[in-house]
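Trainee: Can we go through this one together? I'd like to see how the labels get decided.

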Amino acid sequence: MERFNIVSGAIVLSGRQTMIVLWCEEPEVIACPLISMDEAFHRADCDLEWHELVDAGLTRLDVRCRAIPCLRRISSLKPIGCVDDITVKRLRNVAQKEWKHRLQEKETSSRSHKKPFHSRQSTAVWFDGGSMNSRREERLQMG
């Protein structure tokens, strides 16, 4: 098998995972995994036409691209095929949308946790004239 240069559109093996390279900048690439059709559908999944997979040299036609960008070192990749530029552009668009979704999710979750846990208002529970504290709080009061 001839040896390819790893460029945008290359289909590579990273360990046991088949991936499509979307961006390439030495010494790393940004690639998205190909997953089996049996896996649950994710918002970042992008179907690939059978002719795209055949043209790329893949033998399995029951896969789709999960457009979640992953950073990989070029030295750890083994090239096995290549997809056309139209497919790469389509996958880049989906990957950029997914990246934006993840940034928004990260922003909203970081906003909701601005106050440190220990500074939040706590509620004491009272039982028969005494309060119920955690073991840690009891040790602090006793000692």
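Trainee: Why is Thr 87 called buried?

Mentor: Look at the value: Thr 87 has 0% relative accessibility. Buried means under 20%, so Thr 87 gets that label. Keep in mind that this is a predicted model.

Trainee: Where is Thr 87 found, and which residues is Thr 87 in contact with?

Mentor: Thr 87 sits in helix H2, which covers residues 85-112. If you skip the neighbours within four places in sequence, Thr 87 is in contact with Leu 48 and Glu 52.

Trainee: What makes the pair Thr 87 and Asp 84 a polar contact?

Mentor: The side chains of Thr 87 and Asp 84 are joined at 2.5 Å. The cut-off for N or O atoms is within 3.5 Å, so the pair counts as a polar contact.

Trainee: What about Cys 46?

Mentor: Cys 46 is in no disulfide either: its nearest cysteine sulfur, again that of Cys 65, is 6.5 Å away.

Trainee: Are Cys 32 and Cys 46 buried or exposed?

Mentor: Cys 32 is at 0% relative accessibility, and Cys 46 has a relative accessible area of 8%. Buried means under 20%, so Cys 32 is buried and Cys 46 is buried.

Trainee: And why is Leu 61 called partly exposed?

Mentor: Leu 61 comes in at 42% relative accessibility. Buried is under 20% and exposed is over 50%, with partly exposed in between, so Leu 61 counts as partly exposed. You'll find Leu 61 in the loop between helix H1 (50-55) and strand S5 (63-66).

Trainee: Which residues form a nonpolar patch with Leu 61?

Mentor: Trp 50 and Val 54 do, and together with Leu 61 they have about 320 Å² of accessible area on the surface. Patch members need over 30% relative accessible area, and Leu 61 has 42%.

Trainee: How much of the chain is buried?

Mentor: Buried residues make up 30% of its 143 residues. The chain has three helices and nine strands, and its accessible surface is about 10,700 Å², with 52% of that belonging to carbon and sulfur atoms.

Notes
Residues numbered from 1 in each chain as written. Predicted model: local features only at pLDDT ≥ 70, side-chain atom pairs only at ≥ 80, totals over all residues. Heavy atoms only, no water. Patch = residues over 30% accessible without salt bridge, like charges linked within 9 Å, V, L, I, M, F, W, Y side chains within 5 Å. Areas by Shrake-Rupley, 256 points an atom, 1.4 Å probe, with all protein chains shown as cover. Salt bridge = Lys/Arg side-chain N within 4 Å of Asp/Glu carboxyl O. Helix = DSSP H or I, 4+ residues; strand = E, 2+ residues; numbered from the N terminus. Buried < 20%, exposed > 50% of the residue type's maximum accessible area, 1.4 Å probe, protein only. Disulfide = S-S within 2.5 Å. Polar contact = N/O pair within 3.5 Å; in protein donor to acceptor, adjacent residues only side chain to side chain. Contact = heavy atoms within 4.5 Å.
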